[in-house]
Amino acid sequence: MSEDKNTLPETARGGPIARFMALPTDSVAKTLFVAVTLCLVASMIVSAAAVALRPTQEINALKDKQINILQVAGIYDPEKDVLDSFAAFEPHVLELSTGAFTQEFDAASFDDRAAADDPATSIALEDDPAGIVRQGKYVTVYLLRDDAGEIDKLIMPLHGYGLWSTLYGFIALEENGNDIFGLQFYDHAETPGLGAEVDNPRWKALWNGKRLSDEDGTLQISVTKAAPAAGKDYHIDALAGATLTTNGVHNLVRFWMGEAGYGPFLDTLKAGDVQ
Ligand SMILES: Cc1cc2nc3c(=O)[nH]c(=O)nc-3n(C[C@H](O)[C@H](O)[C@H](O)COP(=O)(O)O)c2cc1C
């Protein structure tokens, strides 16, 4: 008498799982199954890690930006807590077109990059020498005051296209709004040893003491191979072997320091109207 098939274990009944299990280990089906399962498990682990680490990455990115602002202002001390040191700055959201600070946004949390992407807070550029496509109407600038409460330095964000990437950085100006204290980028993807030499401390040091505009108020700053007629006070040597990144830096600095950028703000400052 034959046994009822339903009472037999699955392997004996010959169901799909049993048939799969019975296949040789090196069969195509088993190999594919193991490969797909491994991919799924690995992608789940990577996704979970990405989600779990996102808040930490955001905190680190913010900290890195704050360190860069401290560095460009010349007050970074690795021994000190970044947040404590950063408290020295007075952030303001600046309306570029008027050159005046606005209270419309919270300066401590205003996101310049998000604002530059949002059509409500940015404009599409027709004349776009910095290659940024859209420009935020508002940016966060940082004032550093001396012990007497007078403005000592101004730190302003700027960005523009190099050869491979958009370079994001800060320029620090002296209180007169014309003498450069420093410039540095905190985010770019130019080639190490070529365009990435924008991060070379020796090249960055060349910016200290240079001037933006001449006595007549004409913007003269340049980053080129040869110094133009305005002279070396307004000139930073190009990076060797990286003329294209250098052109990007030249264009972005002139764009942001000109009328479409911080021009109105610097005029307000020079008129003594920024307190
Ligand atoms: C793989 C590769 C990466 C390069 N990266 C850069 C770069 O990041 N910035 C740059 O200006 N030029 C870069 N260049 C060189 C440019 O193509 C170009 O030759 C250079 O900007 C010219 O500079 P020069 O006139 O000072 O020689 C790169 C070239 C190669 C082959």
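Visitor: Let's start with Val 133: is it buried, exposed or partly exposed?

Guide: You count C-beta atoms, placed from the backbone, within 10 Å of the residue's own: 20 or more others means buried, 12 or fewer means exposed, and anything in between is partly exposed. Val 133 has 13 other C-beta atoms within 10 Å, so it is partly exposed. Bear in mind that this is a predicted model: local features need pLDDT of at least 70, side-chain atom pairs count only at pLDDT 80 or more, and totals for chains, interfaces and linings use all residues. Residues are numbered from 1 along each chain as its sequence is written.

Visitor: Where does Val 133 sit?

Guide: Look in the loop between strand S3 (122-124) and strand S4 (134-136). Helices (H or I, at least four residues) and strands (E, at least two) are DSSP runs, numbered from the N terminus. Val 133 also has a phi near 65°, a positive value in a residue other than glycine.

Visitor: How many helices and strands does the protein have?

Guide: Eight helices and ten strands. The radius of gyration is 28 Å, well over the 19 Å that the globule rule gives for 275 residues, so the protein is more spread out than a compact globule. That radius is taken over C-alpha atoms, and the rule is 2.2 Å times the number of residues to the power 0.38. Along its principal axes, the C-alpha trace spans about 110 × 45 × 40 Å. Of the 275 residues, 27% count as buried.

Visitor: What are the domains, and where do they run?

Guide: Domain bounds come from an automatic or database domain assignment. Here the assignment gives domain 1 (1-77) and domain 2 (88-270). Nine residues from domain 1 and 13 residues from domain 2 make the contact, where two residues are in contact if their C-beta atoms, placed from the backbone, lie within 7 Å. On the side of domain 1 that touches domain 2 there are four nonpolar, three polar and two charged residues. For those classes, Ala, Val, Leu, Ile, Met, Phe, Trp, Tyr, Cys and Pro count as nonpolar, Asp, Glu, Lys and Arg as charged, and the others, Gly among them, as polar. The centres of domain 1 and domain 2, taken over C-alpha atoms, are 44 Å apart.

Visitor: How many residues are in the largest nonpolar core?

Guide: A nonpolar core is a set of buried Ala, Val, Leu, Ile, Met, Phe, Trp, Tyr and Cys residues joined through C-beta atoms within 7 Å. The largest one has 50 residues, and those with the most contacts inside it include Ile 69, Ile 155 and Leu 252. Helix H7 (243-257) is among the elements that give two or more residues to this core, and H7 provides its largest share, six residues. Domain 1 and domain 2 both give residues to the core, so it lies between them.

Visitor: What does Ile 155 touch?

Guide: Leaving aside neighbours within four places in sequence, Ile 155 is in contact with Ile 69, Val 72, Ala 73, Val 141, Tyr 142, Leu 144, Phe 170 and Ala 172.

Visitor: And Leu 158: buried or exposed?

Guide: Leu 158 counts as buried, because 22 C-beta neighbours lie inside 10 Å. You'll find Leu 158 in strand S6 (residues 151-161). Not counting residues up to four places away in sequence, Leu 158 touches Gly 169, Ile 171, Leu 252, Val 253 and Trp 256.

Visitor: What about Asn 60, buried or exposed?

Guide: Asn 60 is exposed, with 11 other C-beta atoms within 10 Å. Asn 60 is in helix H3, and its C-alpha lies 48 Å from that of Met 21, 39 residues apart in sequence.

Visitor: Which residues are around the ligand?

Guide: A residue is near a molecule if its C-beta atom, placed from the backbone, lies within 6 Å of it. The residues around the ligand include Trp 164, Glu 190, Gly 241 and Thr 245. By class, the shell has six nonpolar, five polar and one charged residues. Gly 241 is in the loop between strand S10 (235-237) and H7.
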